[in-house]
Amino acid sequence: MQSVIFHPDLCASCKSISCLMRCQYIEFSGIDEARAERKKINSGLDSRVLHECLTCYSCQEYCPNGNNPFFFLVEQQEKLGILPAPIPIVKEQLAMMAPRGRLEPQKAHAPVVDMCAFPMLTGCIRPPLFENASVFSGTDFFCNIMWLHFAKNSTIFERVPKMIENIMTCYLKDSGPDEHSMAELICFHDECYGTYTTVANAYSIPVPFKPIHLFDYIDKKLDELSGKIKPLNAVIAYQRPCSNRLIPETDKTLDRIFEKIGVTRAARKYDRQNALCCGGVPRAHQRDDFADELLEKNLNDMVASGATYCVFNCPFCMATLAEAVAEKGLFPILVSDLVQTALGG
Amino acid sequence: MDNLIKRLEEIVGPAHVSAAAEERYFYSMDPGTMPAAPPDAVVMPKNTKEVSRIMALATEKGVPVVPMGAGLVLSGLTRALKGGIIMDMKRMNRVISVNPASRYAIVEGGTSQGMLQTYLKKHHPGLKHSMPDAPPVATIGGNIAIHGSGHLSVLAGFHTDMLNGMEVVLPTGEIVRTGSCSVSPDWFARAPLPDLSGIFLGWSGTTGVITKLSIKLFPKYKHNDLLVFVCEDADLMPEIISRLTSAQAAEDMTPWMTPKPFWAKGFLHINIAYGGHTKEELTFRRNLLRASVKEYMDKKIAGFLPMPPPQKKRFMKLPSPDLARFADVKKGGGFEYVGAIMGIERFPEAYRAGLEIAEKHGVTWSMGARIIGAGHCMMFFYAYAFNRADKQDVARAQAALEETNAAALLIGGIPWKAEAPAQKQIMAKMDPSTRDLMDRVRGMIDPAGIMNPGNLET
């Protein structure tokens, strides 16, 4: 089995053990216990962490050394056969999200937007924000990062190179600015950008195009369309998704976007590095009670913040939370749609 | 024949009788595989009195009568196998009254499921009845007459278990009542009287015409949700179903297995619908259901499919559109299934038999079940879609259906609303004394032998 890039010595030399000590979901009696569990994991032994992990990606962000602790942890889960979800659930989803080989190469033109496996959201790609955009979606282009939630690193190794090949063959082969420059791909979903940057680096998967995060695209576009912006003057609660932990630098870009459209990101307990999981993954892990608890804490925090919108960037988070959020009186909306609203689109 | 048409016109008016070739063609078949059998005439009565007069006329003339609801039974039970009159009940479609205190509705025999559903939604939003997975135009009377089931069956059994009583017109034209309404002005139960309703339930329209009936209603919850349990081992299903039903928290439980979409192939699913008046009640019921099968989740051999709320919506529609969608897979408008009533413990062998038959005949298949009562039995179905315009395809489906009926009987099940060939298989296997009793009952009620002849005959 291929392995992710992880340096055990670097990990062993870490004094803070932030990966475990800062975990919001697993409690340790103290740093000594965290150290002991880390040692077990790094030695390829069973650890309660491997069983209790919510797979929220946070440790990847907390690691002060950029040492891919989360990817390594998932690798250990798979090696030891510690599955967070029942086998039929994983197998059926593997089949559901498998590439179908429905490939039809098309002439794409910039901006090319990757909608991942969310064809139902292609309506989001509309002017003025996405004027003349080419869009694609479907499981033949699915970034496959979700398997980090299911102890399936091997699937990422197996499928991501194929997805990259599909994207290149079908959409990006001839769409670079010139023969010397890499084509750009706007990633609508954090997960795709995280896959083609952080995951690809950690898994040594070459990426022959330049991924552009949605926030970077929107940020730049708002400068072009600044004359059209009508500030929304609203307070919003942001549901930061797990995959943003792989690319924390983009969170600052989001702040700039909010500022440009006249939106105040409520300072709440469960945002930024303390963001809570939407609850979708623990439900897949058959931990509904835990998901209920997270939901209640998160919603109460959103309501207390005085926000009128709950803003999502992850479509799955939105699908999971939108109804519950709306019942609490907040308007659920994707970042891109919020920006379109400010632009009158 | 001209005289018959004239007499029928005198009863229901000329607009509601037809012997036109195109009408007779239209009424000669249903969407299933059974060959066409055109009636001589079609009549649409408006009330019980008209039904009574038609039956008396038919008996007088010895003309067969086939009562029909929406004609969606799929197994050809409403074909005029020996000619005669098809009595289309769709004009008798009134919701007569609803008793919210004792939770029942009195409807006319041709009232559709969709009409009652809509009526309740408008006038009694806190009540609902059990919807079968048929198009909304399917009639309540028709479904009751065949021992149908629906989305409240895990709670309250077959639709016949939800019946409080009926008004029925006998083949000779007499009007009789069964249940409490035969003594009381109220239609609240079949007890404590001798249960004469049974003379008309499961008889495939061979004993009388249901003109009114009282059906039980149930609380309609404000909050509703769905769980989908998944496993890979058919041998586990009886125990899983037993545990889930033991929680007594669900309204409906429907296992399903299908090779399409491709990702579902090889997996056994159980849709579990439940509800609550409050969110807390809903969560409590969910927790009961989850706890009942926790052992399987802990062993990682089965579990609940993660589905965000928007994905659940299509599974929660009543009636479910999925069977209708499957019915059109072959784009030829042909669809039929063997629904066999059997014990829960028969699930694994029923499933394996279905796989073998589908492979042998190369048919497009889907299998599933509806659990009846608290795991007391199930209606296990083998559905085959086919293109009606493709004779070979129809023949393949026919052969598969016949073999499936035989297989269901072999493993201890009984084909439900069986088509004519399957009825013969059932009758051949039936205890001779039971067959004899059936003949005597029918001979007494229908001395002229005019009620839907060709069905359930020994």
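What share of the contacts in chain B with a separation of 6 or more is between residues 24 or more positions apart? I looked this up first. The share is 70%. I note here that the model is predicted.

**Chain B as a whole**

I went on with chain B. I counted its secondary structure and got 15 helices and 19 strands. I then looked at the spans along the principal axes. The C-alpha trace of chain B covers about 70 × 55 × 45 Å. I also looked up burial. Of the 458 residues in chain B, 49% are buried.

**A sheet in chain B**

I picked out one open sheet in chain B. It has four strands, in the order β1-β2-β4-β3, and the pairing is mixed. Which strands are at the edges? I found β1 (17–18) and β3 (65–68) of chain B there, each pairing on one side only.

I followed β3(B) to its partner. Strand β4 of chain B, residues 85–88, runs parallel to β3(B), and four bridges join the two. Val66(B) stands opposite Ile86(B), which belongs to β4(B).

Then I looked for a helix on this sheet. Helix α1 of chain B, residues 2–12, lies across β1 and β2 (41–43) of chain B. I noted its angle to β2(B), which is about 10°.

**Where chain A touches chain B**

I turned to the contact between the chains. Chain A gives 19 residues and chain B gives 20 residues. Which element gives the largest share? I found that α7(A) does, with six residues. I sorted the residues on this side of chain A by class. Eleven are nonpolar, three are polar and five are charged.

**Domains of chain A**

I ended with the domains of chain A. They are domain 1 (8–80), domain 2 (96–213) and domain 3 (219–342). How far apart do the C-alpha centres of domain 1 and domain 3 of chain A lie? I read 27 Å. I checked the contact between these two domains too. Eight residues of domain 1 of chain A are in contact with ten residues of domain 3 of chain A. On the domain 1 side, I listed three nonpolar, four polar and one charged residues.

Notes:
Residues are numbered from 1 along each chain as its sequence is written. Chains are lettered from A and ligands numbered from 1 in the order in which they are written. This is a predicted model: local features need pLDDT of at least 70, side-chain atom pairs count only at pLDDT 80 or more; totals for chains, interfaces and linings use all residues. Two residues are in contact if their C-beta atoms, placed from the backbone, lie within 7 Å. Ala, Val, Leu, Ile, Met, Phe, Trp, Tyr, Cys and Pro count as nonpolar, Asp, Glu, Lys and Arg as charged, and the others, Gly among them, as polar. Domain bounds come from an automatic or database domain assignment. Two strands pair if DSSP finds at least two bridges between them. Axes are lines fitted to C-alpha atoms, for helices over the stretch in contact, and angles run from 0 to 180 degrees between N-to-C directions. A residue is buried if 20 or more other C-beta atoms lie within 10 Å of its own, exposed if 12 or fewer, and partly exposed in between; C-beta atoms are placed from the backbone.
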